[in-house]
Amino acid sequence: MCGIIGILGREPVAPQMVDALKRLEYRGYDSAGVATLEGGHLTRCRAEGKLKNLEQKVAASPLRGRVGIGHTRWATHGRPNEVNAHPHAAGPVAVVHNGIIENFNELRTELEGAGAHFSTETDTEVVAQLVCALMATGLGPVDAVKAALPRLRGAFALGFLFEGEEDLLIGARRGSPLAIGHGEGEMYLGSDAIALAPFTSSISYLEDGDMVVLTRAGAKVFDETGAPVARPVMQSSASAFLVDKGNYRHFMAKEIHEQPEVVGHTLGHYVSFAAERIALPDLPFDFRDLERVTISACGTAYYAGLVGKYWFERLAKLPVEVEIASELRYGDAPFAPGNLALFVSQSGETADTLATLRHAKAHGQHTVAIVNVTTSTIAREADAVMPTLAGPEIGVASTKAFTCQLVVLACLAIAAGRARGNLTEEDEQRLVRALIEVPRHMTAALALEPAVEKLARDIAKNRDVLYLGRGTSYPLALEGALKLKEISYIHAEGYAAGELKHGPIALIDETMPVIVIAPHDRVFEKTVSNMQEVAARGGRIILVTDPQGAAEATVDSLATLTLPHMPATVTPMVYALPVQMLAYHAAVIMGTDVDQPRNLAKSVTVE
Ligand code: F6R
C-alpha cells in the first residue's frame with residue numbers, strides 16, 4: 001500500500017527519498033512523488049507509473065532542498081495519474097498520506113464553501129487544504145496540524161512539509177503505521193523500517209493517535225491528548241537485511257527458494273530439535289480451558305488459517321472457526337469469553353485483521369498474533385506474539401510467509417493436542433520429527449522447478465484454470481488459484497474436490513487445465529474419483545502427488561509432479577512450493593510485473 005518517506009538532511013534529499021521509495025516499492029503503488037523546499041518554496045515532482053518515471057524527472061530537473069517528503073501511492077480515491085499523485089499541496093503545506101480519510105467529502109464541501117479550490121480527486125488533498133485554512137487563521141504549522149487531526153475520520157499516516165520551514169517535518173498516525181528514524185543531525189519519517197534502513201537503524205514507532213514534530217535536533221512526540229510522550233528508540237534489524245534479489249530475477253523467486261531455510265529458522269524457534277518436542281513461549285492461557293479457537297486473517301494468511309483448522313480439530317479436538325477478517329469485523333459472531341483468537345498476518349498491519357484483533361479483545365478473547373513483522377501494530381496489540389521468521393517478504397505475492405505461518409500453526413496445534421491429552425508424548429515426537437524433515441522435502445520440491453516451468457508454458461496459454469484438493473489440500477487449492485490469478489492475471493478457482501459436481505464441473509472441457517493436489521493420504525481415493533469425473537469430460541489434469549499417489553492414480557493426466565513421500569500432517573507446507581512455482585513461471589511467461597502485480601499492495605492498510 002502507499003509508502004511514506006520524510007527526510008531532514010544535510011545534503012539535497014531528493015535522491016535519498018527516491019532510494020527510500022524504491023525500498024517501499026514492494027508495498028505496491030501506481031504513482032510516486034517527492035516535495036522539497038527550494039529557497040524556502042515548496043517544489044514538487046510527481047509521476048504516474050513506476051518509480052523510474054519519477055527518477056527520470058528528478059534527474060532532468062534536480063531538486064536541491066535539504067528537507068523533503070516522498071510517497072508511493074496506491075490509489076483509493078481518484079485515478080492513478082500524476083495530478084492525484086502525492087505529495088499534495090495547498091498554500092504553504094505539502095502532505096503525503098497513507099490510508100483513507102473517510103469524511104473527506106464532508107470536509108471538502110466545507111472547505112470549498114470557505115473558498116478553497118481543489119485540484120485533485122483525492123481524499124488527501126482535504127488534509128492539505130484543512131491545514132492551510134487553519135494556518136490562514138494565524139496558527140503556526142504545529143498548532144494547525146494539531147487542530148486538523150481531530151477533524152479527520154479514518155485510518156491514516158501523514159507526513160507534512162511547510163513552506164519556509166527548513167528544519168521541520170510533522171508526522172501523525174491513526175491506524176496506519178509510521179516510524180521515526182534517528183540519525184546524526186538528520187531525522188527521518190518512514191512507513192516502515194525497511195524504508196529507513198539505508199539511513200539509520202535507530203527507529204521509534206508512533207503509537208495510534210501520536211503526532212511527531214521532527215527537527216534535525218530530534219523528535220518530539222505527542223499522544224492523542226496532546227501530551228508529550230516518549231516512544232522508545234529500538235535498533236531495527238531491517239537495516240541488517242540487504243533487501244536485494246541476489247541472483248534471482250524476481251524477489252518472488254528468491255523468496256520461494258528461501259523456504260527451506262526460513263522454515264528451518266521458524267521451526268528452530270518453536271521446536272526442540274534434540275528432544276523432538278514442541279517448545280512454545282509462555283502463552284497467557286491454558287489450552288485445556290479452551291472451548292473454541294477463532295482464526296482471522298485475509299488472503300493467503302486466511303488460507304494458512306484454514307489449514308490450521310484441520311490441524312487443531314484433528315490433533316487437539318478443538319473446534320475452530322476461520323473467518324475472513326473483513327467479514328468477522330462487521331459480523332455478529334458470538335464469542336464465549338476466555339477462548340483463543342489467532343490473527344495471522346505477514347505485515348501485521350492489515351487493517352481488517354487489526355480490526356478483528358480489537359474486536360476479539362473487546363469480546364474477552366485471548367489474542368495471539370502470528371506475524372512476520374514483529375514491530376507491527378498487530379504484534380504490539382496482541383496479548384502474545386508468535387513470530388514467523390521468514391525475513392522481509394518483498395514480493396507482493398506471499399510465499400515464504402505462508403509456509404512459515406503453517407509451521408507456527410502446526411506447532412500450536414500439536415501443543416494444544418498434547419495439553420488436552422489428545423496426543424501422547426510419542427505422538428508429539430512423531431509429529432515433530434515430521435516437521436523437522438520439512439526443509440529437506442522442500443529442497444526436493446524445489447528440484448521440480450524445470451518440470452514446473454515446462455507445465456507453466458502450457459498453463460500460460462489458458463484463460464481459466466481450476467485447482468482441486470481435499471482436506472488440507474483444499475486450502476492449498478484456494479492458495480494456488482489466488483497465486484495464479486494475482487501474478488499472471490489468469491482466471492483461476494480453487495475448489496474442494498468433492499464440490500466439483502455441485503456446479504464447477506460445468507466448466508470442464510478439453511481446454512480446461514485442472515490442477516489436482518493429492519498426496520496419498522486418507523482422502524486420496526476420493527480425490528481420484530473426482531479426477532475421474534474431470535477426465536471423463538476431457539479436462540486436462542495436472543496431478544501433484546507422491547510416489548504412491550502417482551502409482552495408484554488410475555487416471556490419465558497431462559503431467560504428474562511427484563514429491564517425496566511424507567506424513568500427511570506436513571504436506572501443506574511442502575505442496576505449497578510447486579503451487580507457488582507454477583504461478584511464478586506462468587507469470588514470467590505472461591510477462592507480468594511479478595513482484596508488483598497491478599492493483600495489488602503488499603501491506604493493505606485500508607479496509
Ligand atoms: C496474496 C497475498 C495477500 C495477503 C493478504 C494479507 O499473495 O499476499 O492475499 O496474504 O493481503 O496480508 P497480511 O498477511 O500482511 O495480513
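Me: What should I know about the model and its numbering before I start?
Reply: Because this is a predicted model, local features need pLDDT of at least 70 and side-chain atom pairs count only at pLDDT 80 or more, while totals for chains, interfaces and linings use all residues. Residues are numbered from 1 along each chain as its sequence is written, and side-chain values use heavy atoms, with hydrogens and water left out.

Me: ok, which domains does the protein chain have?
Reply: The assignment gives domain 1 (3–245), domain 2 (254–436) and domain 3 (443–590), with bounds that come from an automatic or database domain assignment.

Me: And how far apart are the C-alpha centres of domain 1 and domain 3?
Reply: Those two centres, of domain 1 and domain 3, lie 45 Å apart.

Me: So where's the ligand, relative to the domains?
Reply: The ligand lies between domain 2 (254–436) and domain 3 (443–590), because both of them give residues to the shell around it.

Me: How many residues surround the ligand?
Reply: There are 14 of them, and the closest are S345, Q346, S347, T350 and E486; a residue is near a molecule if one of its heavy atoms lies within 4 Å of it.

Me: What kinds of residues make up that shell, nonpolar, polar or charged?
Reply: The shell divides into five nonpolar, seven polar and two charged residues, where Asp, Glu, Lys and Arg count as charged, Ala, Val, Leu, Ile, Met, Phe, Trp, Tyr, Cys and Pro as nonpolar, and the others, Gly among them, as polar.

Me: Which side chains have an N or O atom 2.6 Å from a ligand oxygen?
Reply: The side chain of S345 has such an atom 2.6 Å from an oxygen of the ligand, and the side chain of S347 also has one at 2.6 Å from a ligand oxygen. For S398, a backbone N or O atom lies 2.9 Å from an oxygen atom of the ligand.

Me: New topic: which residues does the cis peptide bond join?
Reply: That cis bond joins H86 and P87, with omega about -5 degrees.

Me: And what's the phi of E276?
Reply: Phi of E276 is near 55 degrees, which is a positive value in a residue other than glycine.

How values were computed: Polar contact = N/O pair within 3.5 Å; in protein donor to acceptor, adjacent residues only side chain to side chain.
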